[in-house]
Amino acid sequence: MKALFRSIYELIGAPQPPADTPVYRDVVFPNIGLLNIGISLALVVIFYYVINRMMGVATFNKGRHWAIFLVLNALVAFGIAISQAHAQQVTDHSYIYWLATWNAILGLIWFFLFSLILRKGSTNASTTPF
Amino acid sequence: MRHLTSFSRLLPALGLTLLLLPGCYSRSDMKTEEGAAQEAPTDVPPTEVPGAVPVRTPESAVAAAATSQPLQTVNVFLEVSGSMEGFMPKTGASGENTKFQQHVAQFLSEVNRTSAARQKTFYRIKERPYKDSYQGISTTVRSGIQQPAKSTDIPSVLDTLMSNYYQPGSVSVLISDFIYSPKNAGAIPYIKTDITDALTRSGSHPEMAVSVYGYTSDFRGTYYPALVASGKKTNCCDTEIPYYIWVVGPADAVRTFDQALLEQQPSKQAHFGVTYPQPNYSLLSKFQNKGSWYYGDAGASKRNAESYRVVAVSEASAQQPVEFVVGMDLTTLPGQYRDLAYLKQNLKLQGVDTDAKLLDVTATTSQTKASSGPESKFTHFAKVRLTRPPKAARPLVLRLQDQRPAWVAQWTTRNDATPAPKTFALSGLLDGLEAQSGAEKKPIFELPLTLQPGE
């Protein structure tokens with residue numbers, strides 16, 4: 001699991017400063033990776049199953065509504081990366097923001113993938129975003 | 001009503017999120033989780049390494065147990081021959097005393113009071129040891145020797161100590177000027193052999209160790225040089241004369257005694273055969289570090305500071321060298337080995353297949369002491385630089401060599417006819433001690449590290 005997240009997050013280069021490498025690899029990457037997947041999945045479930053099935057809301061199933069959730073997910077992913085890094089007391093470095101940006105992009109990807117898989121089960125939004 | 005039920009259907013989604021959260025790691029979780037695993041040292045050097053540097057197993061735990069046990073017996077021997085009279089003159093009208101009197105009286109009192117030994121016995125050395133009480137010997141030091149012995153012969157004193165007083169957990173402490181006057185000048189070249197023979201006559205003691213502490217004191221009385229032919233000097237002297245405290249016994253007992261009673265005061269010192277537990281040491285990744293490297297230890301993020309041993313180098317070149325600092329806690333070593341000049345000269349770095357060099361050794365400063373980082377736990381720092389990344393895991397060892405301290409040569413004289421703060425044939429005496437403790441000189445400590453490429 002750690003190795004998986006490490007390979008995903010080190011696509012943007014090794015952690016900086018190098019001295020913090022073990023903390024990033026052992027703690028920060030798995031944390032933000034798991035949280036990112038979990039939150040993306042949760043938001044997809046809320047959009048397709050809660051709002052557009054259980055609650056039966058009929059006016060929140062357009063592409064732009066989906067995009068609101070997509071952007072929301074990216075913002076949360078960005079924030080989580082920064083807060084997790086600071087929680088582990090890593091040295092301040094611009095790398096934290098690069099990592100947060102990368103995490104946001106990964107959030108977009110996860111959200112999109114989960115949307116493709118789970119949209120069929122929704123009653124009102126089974127064709128959103130396309 | 002409809003709204004409420006739909007809201008309650010949200011719960012599965014929330015539950016799912018909550019289920020995912022505990023999967024996350026945090027440093028504190030891991031610390032407690034794997035606390036047990038940490039205790040087992042994982043610093044076993046990689047096995048595939050060619051020409052691996054021999055590594056001493058950490059003996060800190062064993063040694064700590066040994067140190068906490070008090071010594072069985074401490075036997076203190078004070079030489080009371082004529083040559084010692086000048087150190088212990090009869091108290092003059094003005095009540096002045098010599099440094100020797102002040103120091104030795106205090107030392108005897110400390111020995112008498114110490115909790116580091118169960119039993120303390122005091123002896124005056126004439127032609128053989130005479131048992132004395134603490135009060136008796138203290139009075140001798142303070143108010144002068146009543147009946148000085150003619151002369152005491154160092155080899156025979158050492159022989160007596162070794163055959164009658166050498167026991168596990170016990171030390172013999174010998175206070176003397178250690179002026180060895182052989183019966184004739186022809187014996188001078190054999191001083192070393194005489195000492196070695198004296199120490200081994202009663203049988204071989206592989207564990208035996210000797211610590212020598214040197215002091216100087218003003219001297220008021222008759223001075224007897226080792227070379228009898230040059231004649232004694234009355235009303236000596238303007239210069240200070242050296243005297244010594246030798247601690248003889250099994251290595252761990254000598255170490256315990258030194259630590260408890262002789263390390264507080266500044267002194268010249270030399271140690272023979274004394275072994276010390278491996279000091280605590282660790283790499284410091286955020287202290288004067290340079291270049292691209294990080295802790296390569298397994299589970300590096302959840303270890304306690306003080307136990308990092310593996311340098312993972314991700315990048316190194318002549319333009320961008322890697323520099324790392326090893327913190328060492330040398331508080332358990334005697335002063336001589338904590339001396340910065342000694343460390344700079346004798347701390348060596350040995351590696352395999354690497355250009356790693358020891359740049360500098362520094363002592364802790366008020367700044368590092370006050371630091372909140374792990375560097376506050378160490379007394380000395382060794383900085384290492386390398387410019388070539390290792391190809392595979394390779395051992396790297398910091399080793400403190402056991403060298404005769406420079407003061408021995410300065411305090412040695414071949415002719416002591418003129419009183420001076422030097423002792424006749426001192427280095428010869430110490431040569432004899434060294435020969436006894438074996439041909440091979442062991443390093444004071446070895447701190448194994450590992451260099452490996454960053455993954």
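Figure 1. B:Phe178 counts as buried because it has 24 C-beta neighbours inside 10 Å, and the cut-off for a buried residue is 20 or more. Please keep in mind that this is a predicted model. The loop that holds B:Phe178 runs between strand E4 (170-176) and helix H9 of chain B. Although B:Phe178 is not a glycine, its phi is positive, at about 50°.

**Figure 2. B:Asp353 also has a positive phi, and here the residue is partly exposed.** The phi of B:Asp353 is near 60°, and this residue is again something other than glycine. You will find B:Asp353 in the loop between strand E14 and strand E15 (357-363) of chain B. Within 10 Å of B:Asp353 there are 15 other C-beta atoms. That count makes the residue partly exposed, because the class lies between exposed, at 12 or fewer, and buried, at 20 or more.

**Figure 3. Strand E17 of chain B pairs with E14 and with E20.** E17(B) covers residues 394-400 and is mostly covered itself, with six of its seven residues buried. Strand E14 (residues 347-351) of chain B runs antiparallel to E17(B), and five bridges join the two. One place to look is B:Leu349, whose bridge partner in E17(B) is B:Leu398. Strand E20 (residues 445-453) of chain B is also antiparallel to E17(B), this time with seven bridges. Here B:Arg399 stands opposite B:Glu446 of E20(B). As a reminder for reading this view, side chains in a regular strand alternate between the two faces of the sheet.

**Figure 4. An open sheet of seven strands in chain B, with helices packed on it.** Follow the strands in the order E3-E2-E1-E4-E8-E5-E9; their pairing is mixed. Strand E3 (129-132) and E9 of chain B are the edge strands, each pairing on one side only. On average, neighbouring strands of this sheet are turned by 20° against each other, direction ignored. Strand E2 (residues 117-125) of chain B pairs with E3(B) in the antiparallel sense over four bridges, and B:Phe122 has B:Asp132 in E3(B) as its bridge partner. Helix H8 (residues 154-165) of chain B packs on the sheet, where it touches strand E1 (71-79), E2, E3, E4 and strand E8 (241-250) of chain B. The direction of H8 makes about 160° with that of E4(B). Helix H10 (residues 251-262) of chain B packs on the sheet too, touching E1, E4, E5 and E8 of chain B, and its direction makes about 135° with that of E8(B).

**Figure 5. Helix H15 of chain B and the elements that cover its buried residues.** Within H15(B), residues 426-436, the buried positions are B:Leu426, B:Leu429, B:Leu430, B:Gly432, B:Leu433, B:Glu434 and B:Gln436. What covers them includes helix H9 (191-200), helix H14 (406-410) and the strands E5 (208-217), E9 (268-272), E18 (412-413) and E19 (423-424) of chain B.

**Figure 6. Where domain 1 and domain 2 of chain B touch.** Domain 1 spans 63-276, and domain 2 is made of 278-403 + 444-453. Their C-alpha centres lie 39 Å apart. At the contact, five residues of domain 1 of chain B meet seven residues of domain 2 of chain B. On the domain 1 side, one of these residues is nonpolar, two are polar and two are charged.

**Figure 7. A cis peptide bond in chain A.** The bond from A:Gln16 to A:Pro17 is cis, with omega near -15°. A:Pro17 belongs to the loop between helix H1 (2-9) and helix H2 (21-54) of chain A.

Methods: Residues are numbered from 1 along each chain as its sequence is written. Chains are lettered from A and ligands numbered from 1 in the order in which they are written. This is a predicted model: local features need pLDDT of at least 70, side-chain atom pairs count only at pLDDT 80 or more; totals for chains, interfaces and linings use all residues. Two strands pair if DSSP finds at least two bridges between them. Two residues are in contact if their C-beta atoms, placed from the backbone, lie within 7 Å. Domain bounds come from an automatic or database domain assignment. Ala, Val, Leu, Ile, Met, Phe, Trp, Tyr, Cys and Pro count as nonpolar, Asp, Glu, Lys and Arg as charged, and the others, Gly among them, as polar. Axes are lines fitted to C-alpha atoms, for helices over the stretch in contact, and angles run from 0 to 180 degrees between N-to-C directions.
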